[in-house]
Amino acid sequence: MAIKKNIIPHYKLPRAGKERGSTKSATVVGAKLDYPDYYSLPVFPAFVDHGLYTSGNWYEHISYRLVAFEIPLDGNMRFQQRDMTTIANPGTVYLMHRGENSRLESGPSGRCRKLALCVGGASISSIMADTGLANHVAINVTNLKKLVDLIQSIEYAIRSNEIHHACGLTYEFLLELASNLQHELPEKMTAIIESMKIGIPQKLALDDFISEFHVSRSTLHRLFKRFLNTTPKEYYRKLKLEFARSLLNDSHYPVKTIAERSGFSSPVQFTHAFRRTYQMSPLAYREKRKKEDSFS
């Protein structure tokens, strides 16, 4: 464990990914775990930090290997991710997603005091998808104090070397944050998404969900566009690719078997979809992960 003090320009993350920031670094102090030592755990708090950003401070993540939860406490922050610019004020939790590029800087107020929790782990992508957090970059919360208290408890557990307790608190934080999303999805849509996840190995198609839940194709499309800003086809494809990626990470199955178990009609279709989303083939992704693991 170590204390993280001051953002380091061009700091290279363990296990790939890069960070860079302005030469006029913002002040960041917090508790940090040694990332590679805990990467195999399902979910763990990589670090907690307390930051003070003023005008001119900025920071970027390139292909970030963690998930960051940024919480402005005073002032505001400007975030860029997924071709969107978002101003986050107190009462909003901003999510910087794993494997994506993002930028943060002080917002229109010119100053921001913030709290951040950065999370890693072998199951973090699945947890983010299962809770619905993966679909959001900013969440307005009604339980800000409880979320802040949880992060402070996580920080104390890290400093006290109570690692597994810190991991349990981190999972509790994710569920608590996700509770703010429950009212956003209709009950039927939540059931459809759960059925999609179960249906991946069974090679179920959208028509199967339409039949099971007695909705029309147009209604299903309208629900997904309204609540998740995507189409049912694209969302189901994303679920299948996440499932396939977990198999690539945690098994030695050949690509043909993974394609079949992930609900794709052929290895060619699977490889094309995987390459389009992750900018590399399934085999290249597996080799990249093996190399990263060798440095852990």
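Among contacts in the chain between residues at least 6 apart in sequence, what percentage join residues at least 24 apart? The share is 72%, where a contact means heavy atoms within 4.5 Å. The structure is a predicted model, in which local features need pLDDT of at least 70 and side-chain atom pairs count only at pLDDT 80 or more, while totals for chains, interfaces and linings use all residues. Residues are numbered from 1 along each chain as its sequence is written, and side-chain values use heavy atoms, with hydrogens and water left out.

The chain comprises 11 helices and 12 strands; helices (H or I, at least four residues) and strands (E, at least two) are DSSP runs, numbered from the N terminus. Of its 296 residues, 49% count as buried. Here buried means under 20% relative accessible area, exposed over 50%, and partly exposed in between (1.4 Å probe, protein chains only). The predictor's confidence in each residue is given as pLDDT, from 0 to 100. The mean pLDDT of the chain is 84, with 87% of its residues at 70 or more. Confidence is highest in strand β9 (residues 92-96), with a mean of 96, and lowest in strand β1 (residues 2-5), with a mean of 36. Over residues 1-16 the pLDDT is below 50, and this stretch has 55 contacts in the model beyond near neighbours in sequence.

Helix α3 (residues 144-159) contains 16 residues and spans 23 Å from its first C-alpha to its last, close to the expected 22 Å; the expected span is 1.5 Å times one less than the number of residues. The buried residues of this helix are L147, V148, L150, I151, I154, E155, A157 and I158. Helix α3 is followed by N161, which is found in the loop between α3 and α4 (163-178). Although N161 is not a glycine, its phi is positive, at about 65 degrees. A positive phi, near 55 degrees, also occurs at H214, a residue other than glycine. H214 is found in the loop between α6 and α7 (217-228) and is exposed, with a relative accessible area of 70%.

Nine aromatic pairs are present in the structure. Rings of Phe, Tyr and Trp (its six-membered ring) pair if their centres lie within 6.5 Å; planes under 30 degrees apart count as stacked, over 60 as edge-to-face and the rest as tilted. The pair of F209 and Y236 is edge-to-face, with 5.2 Å centre to centre and 90 degrees between the planes. Because F209 lies in helix α6 (residues 206-213) and Y236 in helix α8 (residues 232-250), the pair ties together parts that are 27 residues apart in sequence. Both F209 and Y236 are buried. K240 lies over the face of Y236, at 5.0 Å from the ring centre; a charge sits over a ring if NZ of Lys or CZ of Arg is within 6 Å of the ring centre and within 35 degrees of the ring normal. The charged end of R261 likewise sits over the ring of Y253, at 4.3 Å from its centre. Ring pairs also link F264, F270, F274, Y278 and Y285 into a cluster.

L52, in strand β4 (residues 44-54), is partly exposed, with a relative accessible area of 32%. L52 and R111 are 59 residues apart in sequence, with their C-alpha atoms 7.4 Å apart in space.
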